[in-house]
Protein chains: 2
Amino acid sequence: MKKMKQLLSSDLIKPLFKEFNIGLEKESQRITPTGDLASTDHPKKIGSRDSHPYIQTDFSETQMEFITPVFDSSEETLRFLGALHDVALRSLEEEERLWPLSMPPVLPKDDCDIVIAKLSDQGDVNYRRYLAKVYGKRKQMVSGIHYNFEFSNDLLEALFREQKEETSFEAFRTACYLKASRHYLRYRWLVTYLFGASPYAEEGYFFKEPANEPVRSFRNSHFGYTNRPEINVSYESIESYVADINGLVDKGDLIEAKEFYSAVRLRGTKDIDELLTKGVSYIELRNIDLNPYAEYGITMETLNFLHVFMMTMLWLDETDTPADELLKTGTILNEQVSLENPLEQTKNKEEGLWLLKEMQEMAAKLNVSVDYQEVIEASRQALESPENTLAAKMVLDSRTNQELGIELGNEYREQAFSKPYQLSGYRHMELSTQILMFDALQKGVKVEVLDENDQFLQLSYQGKSEYVKNANMTSKDSYIVPLLMENKTVTKKVLAKAGFRVPAGKEFSTMEKAEQAYDLFANKGFVVKPKSTNYGLGISIFKEGASFEDYQQALRIAFKEDTDLLVEEFISGTEYRFFVLDGQTKAIMLRVPANVVGDGKSSITELVAEKNKDSLRGTHHRSPLELIQLGEIEQLMLKEQGLTVASIPIQDEVVYLRENSNVSTGGDSIDVTDEMDETYKRIAEEAVCAIGAKICGIDLIIPDKNLPSQKSDKTYGIIEANFNPAMHMHIYPFKGTSRRLTTDVLHLLFPTLID
Amino acid sequence: MKKMKQLLSSDLIKPLFKEFNIGLEKESQRITPTGDLASTDHPKKIGSRDSHPYIQTDFSETQMEFITPVFDSSEETLRFLGALHDVALRSLEEEERLWPLSMPPVLPKDDCDIVIAKLSDQGDVNYRRYLAKVYGKRKQMVSGIHYNFEFSNDLLEALFREQKEETSFEAFRTACYLKASRHYLRYRWLVTYLFGASPYAEEGYFFKEPANEPVRSFRNSHFGYTNRPEINVSYESIESYVADINGLVDKGDLIEAKEFYSAVRLRGTKDIDELLTKGVSYIELRNIDLNPYAEYGITMETLNFLHVFMMTMLWLDETDTPADELLKTGTILNEQVSLENPLEQTKNKEEGLWLLKEMQEMAAKLNVSVDYQEVIEASRQALESPENTLAAKMVLDSRTNQELGIELGNEYREQAFSKPYQLSGYRHMELSTQILMFDALQKGVKVEVLDENDQFLQLSYQGKSEYVKNANMTSKDSYIVPLLMENKTVTKKVLAKAGFRVPAGKEFSTMEKAEQAYDLFANKGFVVKPKSTNYGLGISIFKEGASFEDYQQALRIAFKEDTDLLVEEFISGTEYRFFVLDGQTKAIMLRVPANVVGDGKSSITELVAEKNKDSLRGTHHRSPLELIQLGEIEQLMLKEQGLTVASIPIQDEVVYLRENSNVSTGGDSIDVTDEMDETYKRIAEEAVCAIGAKICGIDLIIPDKNLPSQKSDKTYGIIEANFNPAMHMHIYPFKGTSRRLTTDVLHLLFPTLID
């Protein structure tokens, strides 16, 4: 490991050194709106803790633990953590919040009121009972972040090829992690200095407060969640590490290996003994306090610092100082720094400056990105000016520690509820996909975003994987069915053959042929439309027939949009969207054109502004409803009614601002599932079955939704079948009951999923 | 039925009157190249006669019968008939042809050499033995066209609502068909006059030739395939029609109802007695001779005439003449006209002119299209000038009747083979779809074109229906799989997770991020490409790394094509397309850039012209290969090699005209399925399985196709997986074995299909 700096800065290896993998675990206490520890159980809405991959409980029933998957970037990890927070906060009952501090909120006087996590595995419960006995329940209530770090495998392989000391790749990889771990244990005091964020303890943590002065980090000091001082483990070699831990367990000093609460744990195998053969494949840093000012407990800047810090731990030359001595020094320095007053300069400033200089040199050699350089520079300034540290910020905050916790906890909860249909971190994805991801995360279905721009997910549950695009395109439908639905002519042929009523009509590809067919349509209501466009463009509707000239004009308009057009009979009635999934009508929606309802006082401009305040309304399809516009089209529509934007409609008068009922132009979505006569549901279901679709939005024209009908009656008409039907408008309708279609999709994909 | 003309010309009914349904049956004798009756069995390549919906045998083993489905237009029917001819002609063995005349070719002297169709149903065989006994085998060798005609149901329903005479719709519909039938029988002589096309009989038909002079139609005279004169059936009412036929069967004059060979048969039910309750739903005209000048035995003009003639038969007012007398007159007139000399005017000219005037008047009132008006006018002229009739044309032909039959039979066979990859009538559809349709028709799978422009078919076999688009998109693939393949990033992720080698790389959506990653790629071969374009646009290849400036330039080029780009390692080797279907590698193709091979004499221009003569080369993807161009790009490529189009390459020198190997730019397709090491087939199959596709074209880069490999070896690389892989290039390769992938698709859809 002698020429490490040289190797790492070589042209071939340098780019690989910047690649890494990261996974986070983050604990938080559930609290009441007034900052007391919650007395409720783990939220029922969240899938079973026995198998939930992301949301668990740690020591106590109130201590939620969020676990991200492993990603190759800090951004990815942080936004997944954000999504988990959205899911958790919206799943909490009785308006609970998450306590944003590492040190617990005011704890109940009686130990019995601190409830050990109600896990179903008796071994897990017993382990926690043991911890309560040995460390006391109160110490176990401290929360923090565990940062799991892995160098890129390509880096380690490239280094292995270049070095001479080790003969096995596993041994070499282990040696790298041991080196980084020793350095980390030695220099971790800097992390405590910069990011320590537990200056105070609330009532109930200490029986007797140790000092009146604030500190940098109670949690990282011996007052925190640490082993007894006699628990020493060597990081000299993997053999000594494993032997020491096993020895402590044998002696009864530890009940099992996981009770070893070092700031760094060597990881990669299920069983500690396997480390001897398979080697270390990543390390777990455990000394990161929760940052209360960060919505999810940690910032991008901190993550970037930790990454470049870990790089430095591998980069630095090793001295001849024995490993045990390094560790001892590290522990002493960390304890010192932890208990310093956050507003005072640290005693280790000089070493810190040296370390940061090393980091800066490395950064320059490796040509790392600007955000990394900035975070190193900011750390240097914080070393000079302690008021820039996180602990100092908390001490200088005008609020008391408790006020801070309560206020920020409330703020983060409000943010999670401000747009409850969106998912933090994934807000630019399609709304239905965001909601599907939310449901999956909530129920404990694993989510991997394979392509964000393409809305492409991989979902896994109980070892079974499914791919989903646009939240409704799955393996459950066959390839040919959406292609069939995409083609209006084919859809109509298939439905007509199966005995359903579809608008009678003809398809034309030349003006001449279409003109010849005029008298087939001339005397009844009909529609001229381009064959394959979908957005209402080029459509002419003649409710009671048309002159030949008007017919020709309509043909010309439609041919502008497509090379083929359809002339179809006009079926009168109201159009409803039936969402049919797995043979069942799950939701029925009526779409109403953009409109306002008068109050006898407000102008149309004011009524629109008022209606647009609804948090469900937004822009660009990232909200379930769109903002109502008052543009040219709307003003023209008003003019035709003898109105202007300044007109004041009388009480309860409905003023329509659009002809078309699309939600995308400000229309209202109204759920009418329960009001629709059951017979139409059967018709929709049978029609979707005839098409062969598992998931389908099928549009029916119905003259009276209260009058029963049947397939052969033909009082209804089927207008269209959609293979990519919007789901969000059913889930967050303007009016009526929400239909959680995304959950239905999950059940379709994973029939064993528990609600 | 009194006010029929008035009703039919009313605004509401008029357009419906022009709508109709039609189906054709056409018989043809198989002959040898020299015009003798074929002695072979029904072709083995054609699916079993027991269940074939389209290609059967009539009386003799040599007499093929083509049956079209029912269509609502003559064009559709005729092109389907054309497709059946392509299938039949290309399925014949020993260079057989189809005899294009109604009257049989020279027949063998010995009755035993006229072989009754070898059907598996003994009843069918016995019926033919009975016919041979009663009529003689020779009369049964006459061929013709049966024209099945149905008025549109909308028309009949509309008329029924307006009329007062009948109380049941079925009775009314039957009355309409009876009226049309009576008129047809009365006036059918005009059809014989215009389209009679059997002026001569070849040797072996008559024991003694009745006259030396040619006639209009032996087939439609008593010399043709008619019942004995005593077989009379009334068309007065459906009751009398059924009673008469049943009486003849009871008396033993007919063996069963289908032996009644009237020019019009009332149809619609399986059993004749059911006509009494269910009514007539269509009629079958049986007196149409084969037109030898028409490739498929009948022209569009004749079909248009028959249609407008049938309309007239309903349109004409009925007189008080009793039905039996009408029929008797009709039979006498038809016999007269049949035996007239084709070059002489008919004795019925005056009646014919009156009838055509009625037709013209009707056409004008109904505003029918120009082609109909033209065909009526042409008929009028033919009535004035008998040399315009079909029989006269045959008589005036410089060839003997036998020469005519042989020459035209040969000509039609040559046309069927000129572009054997295309299917008559459907040549503008995608090539793979045409080939799939061919295979389906050949094997007896029902084919319905649901949308031509969309290449959308419905195939049915043994009662099971399947939809197919682009010949390879079926219900066997799931919806999500092609979406997965469409996304290069997702495909790579899925394949990499499953342990396959894919080019390592990164996706970028900003110039900045892409630039930052430069040193990851700088020192090895890499490719910069837009994420989702497919035609080679915007791709830069650096086989041995690139400078930062070149890298930036490549990024800019790729970003012009897409908002996202991929930078990937370059894998060296040759690219092969593996076509994997249902887990098996069915074909492997090497694509070679457009090239010519020198002969030491010809210039490049001449070599290209020569190579382009290959009938497999064409334009616009309607041939398996494209014509080689000598445009700007090709000339530039020549220039870079120090050549011009006038250069004369030496013997066996290969001159490449393109860099890219696409077949669409004149490249060659070479089948290498049998030469590829088996291990790569396994890799391709496993990769397609990992993706989950049933039909997939997967592209592998292979350094040496003869050296074995395995999944984990990673000597190969998987570049892309295609969900809509071209099939025609494997079926008609430039070089190597043809792989009939369309047949594989049929077997995938219908596992019980017999080859």
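Predicted model: local features only at pLDDT ≥ 70, side-chain atom pairs only at ≥ 80, totals over all residues.

1. A charge is taken to sit over a ring if NZ of Lys or CZ of Arg is within 6 Å of the ring centre and within 35 degrees of the ring normal. By this criterion A:Lys393 lies over the face of A:Tyr293, 4.0 Å from the ring centre. In the other chain, B:Lys711 is placed over the face of B:Phe500, at 4.7 Å from the centre of that ring.

2. Residues are numbered from 1 along each chain as its sequence is written, chains are lettered from A and ligands numbered from 1 in the order in which they are written, and side-chain values use heavy atoms, with hydrogens and water left out.

3. The same surface serves both copies, as 100% of the contact residues of chain A recur in chain B (contact means heavy atoms within 4.5 Å).

4. Chain A holds an open sheet of three strands, in the order β8-β9-β10 and with antiparallel pairing. Helices (H or I, at least four residues) and strands (E, at least two) are DSSP runs numbered from the N terminus, and two strands pair if DSSP finds at least two bridges between them. The edge strands of chain A are β8 (446-451) and β10 (464-469), each pairing on one side only. From one strand to the next, the twist averages 25°. Five bridges join β8(A) to β9 (residues 456-461) of chain A in the antiparallel sense, and A:Glu448 stands opposite A:Gln458 in β9(A).

5. Which helix packs on this sheet? Helix α18 (residues 488-497) of chain B does so, touching β8, β9 and β10 of chain A, and its direction makes about 130° with that of β8(A). Axes are lines fitted to C-alpha atoms, for helices over the stretch in contact, and angles run from 0 to 180 degrees between N-to-C directions.

6. Most residues other than glycine have a negative phi. A:Gln455, in the loop between β8 and β9 of chain A, has a positive phi near 55°. A:Ala471, in the loop between β10 and α17 (480-486) of chain A, has a positive phi near 70°. A:Gln455 is buried at 7% relative accessibility, and A:Ala471 is buried at 1% (buried means under 20% relative accessible area, exposed over 50%, partly exposed in between, with a 1.4 Å probe and protein chains only).

7. The whole structure contains 58 aromatic pairs over all chains. Rings of Phe, Tyr and Trp (its six-membered ring) pair if their centres lie within 6.5 Å; planes under 30 degrees apart count as stacked, over 60 as edge-to-face and the rest as tilted. A:Phe526 and A:Tyr551 form an edge-to-face pair, 5.7 Å centre to centre with 70° between the planes. A:Phe526 belongs to strand β12 (residues 526-530) of chain A and A:Tyr551 to helix α21 (residues 548-561) of chain A, 25 residues apart.
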